[in-house]
Amino acid sequence: MTATYEQMWKDLGLDLVAHDMLMQVLGQGYQDVFLTQESRPQGMDYFNFVMSEVHGLRIKELLDGKKEGKKVIGSFCVFVPEEIVRASDATLVGLCTGADFATEEVEKVLPRNTCSLIKSAFGFKLGKVCPYIESADMIVGENTCDGKKKSYEVFGQLVPNLYVMDLPQMKSPEGKALLKAEYYRFKDRVEQLTGNRIDVARLKNGIEIVNNKRRAVHRLSQLRKADPAPISGLDALLINQVFFYDDPIRFTESVNKICDEIEERTKTNSGVAAKGAPRILLSGCPMAVPNWKLPWIVETSGAVIVGEESCVGERGVRNLTADTGSTLDELMNAIVDRYFQVDCAIFTPNPDRLQHVKDMATAYNANGVIHYGLQFCQPYQMEAMPVEQALEAASIPTLRIDTDYSMEDVEQLKTRVEAFIERLR
Ligand code: BJ8
């Protein structure tokens, strides 16, 4: 891949030496974590390919699209409405936030006690290793947690095209009105960027494309309820991660294809783990590529992950956007209604999330829940306690893990996870 795309990366301004190093680590990590798994569905070949070309062919596709006038919009949060981006014939991509990079440089501009996810975004920019950031015509930041909100003030000095979306903190009528106003402002900005006016037909089309993507992931989630689990949590997480990068129509087809295969598996009671293996629901902070540490520890300790209560998982895709409106305002209201249900921990109070975690544990027949909080993430770390209390009160065993992107605590985490799995047995 390196030779084929070297000029492209150079033109994007990447640091080729650092990028090469990143690709090597990523490739090795992928090999160790994913390709060593047994009984993977054949359909994972497609996702292996996507990952092998995540900085190659996919970037070339985006750049080819740009030559034809198609804009690329980068985002860090599931509150950025993809429907509006699609309606303007632009492409939305999730930006890299799943690994430590250029930490020394990052800590010159951000406090050390910033969560790994934010530091990662800065590291990929400062280290010049993310072709997505460099390809983006606009990068959307959002006022969610304090860390992100304040860090965008600094990020705005590193990139020329940052757009900040304000978001409510409470699920009140005033909060909803703010979201609506911000989505209209975003629509106007996207129209200005792309030169494409968003009308009813275009917005309906955008809604349909994104809903279909979500429907395919819902189908996969339903199939994961089977025992034995027909797909590993790692592979399902990977599919949820690719959701943010791939062409949406191709992604939908590929997920449906793997679901056909998995459906057959469930009919013959075959799976990736033994029937009755402990089943875990993960809950908490999003896990972006290549953050596979905790799922890898869990699934190499004898348990299988059957669901993710996460923005890279069910929180991000839970609801569809109604497409029945016949005016632009009705469709915009439907988009607002859909996103206003996202139960991110930045909301206060946030009772829906407690209910969703409990409901998911029951629906996926999970024996226990592991709450994953990134260090220095106040919203999720603070919410971990009520989540744990609510689950334990419902007799669902819960383990709270706070970690970061380093590998230093792997042994210690493994010991805790193994003890938890023992408890579930
Ligand atoms: S909707 S979860 S994607 S904000 S881990 S940066 S919260 S300190 S990522 Fe998120 Fe949107 Fe919410 Fe989802 Fe802050 Fe916590 Fe870091 Fe986080």
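Pockets are found on a 1 Å grid over the protein atoms alone: a pocket is an open set of points with protein on both sides within 12 Å along at least five of seven lines, whereas a cavity is a set of points where a 1.4 Å probe fits but cannot get out, and lining residues have an atom within 4 Å of a point. Grid points are joined across faces, edges and corners, and a volume is the space filled by probe spheres set on the points.

The model is predicted, and local features need pLDDT of at least 70, side-chain atom pairs count only at pLDDT 80 or more, and totals for chains, interfaces and linings use all residues. Residues are numbered from 1 along each chain as its sequence is written, and side-chain values use heavy atoms, with hydrogens and water left out.

**Pockets and domains**

The domain assignment, which is automatic or taken from a database, divides the chain into domain 1 (3-63 + 71-169) and domain 2 (205-320 + 344-424). The C-alpha centres of domain 1 and domain 2 are 21 Å apart. Contact between the domains involves 46 residues of domain 1 and 51 residues of domain 2, where contact means heavy atoms within 4.5 Å.

Each of the two domains contributes at least three residues to the lining of the largest pocket. At least two lining residues come from each of α7 (116-126), α9 (146-158) and α18 (378-393); helices (H or I, at least four residues) and strands (E, at least two) are DSSP runs numbered from the N terminus. By class, this lining holds 29 nonpolar, 10 polar and 6 charged residues. Here Ala, Val, Leu, Ile, Met, Phe, Trp, Tyr, Cys and Pro count as nonpolar, Asp, Glu, Lys and Arg as charged, and the others, Gly among them, as polar.

The second largest pocket has a volume of about 540 Å³. Of its 19 lining residues, Val25, Ala99, Pro290, Tyr405 and Met407 are the closest to its centre. Two or more lining residues come from each of α2 (16-33) and α14 (293-299), and α2 gives the most, with 7 residues. The lining of the second largest pocket consists of 12 nonpolar, 4 polar and 3 charged residues. Because domain 1 and domain 2 both give residues to this lining, the second largest pocket lies between them.

**Backbone geometry**

Most residues other than glycine have a negative phi, and most peptide bonds are trans.

| Site | Feature | Value |
|---|---|---|
| Asp227 and Pro228 | cis peptide bond | omega about 5° |
| Val289 and Pro290 | cis peptide bond | omega about 0° |
| Asp89 | positive phi | near 65° |
| Asn365 | positive phi | about 50° |

Pro228 is placed in the loop between α11 and α12. Pro290 belongs to the loop between β5 (279-284) and α14, and Pro290 is also one of the residues closest to the centre of the second largest pocket.

Asp89 lies in the loop between α5 (82-87) and β2 (91-94). With 36% relative accessibility, Asp89 is partly exposed; buried means under 20% relative accessible area, exposed over 50%, and partly exposed in between (1.4 Å probe, protein chains only). Asn365, in the loop between α17 (351-363) and β7 (368-374), is likewise partly exposed, at 42%.

**Arg224 and Val200**

Arg224 occupies the loop between α11 (200-223) and α12 (233-242). The residue is buried, with a relative accessible area of 4%. The side chains of Arg224 and Glu308 are joined by a polar contact of 2.8 Å. Such a contact is a pair of N or O atoms within 3.5 Å; within protein, one must be able to donate a hydrogen and the other to accept it, and residues adjacent in sequence count only if both atoms are side-chain atoms. Leaving aside residues up to four places away in sequence, Arg224 touches Pro230, Ile231, Gly233, Ala236, Arg279, Ile305, Val306, Gly307 and Glu308.

Val200 is found in helix α11 and is partly exposed, at 26% relative accessibility. With residues up to four places away in sequence excluded, Val200 touches Ser326, Thr327, Leu328 and Leu331. The C-alpha atom of Val200 is separated by 34 Å from that of Met287, 87 residues apart along the chain.
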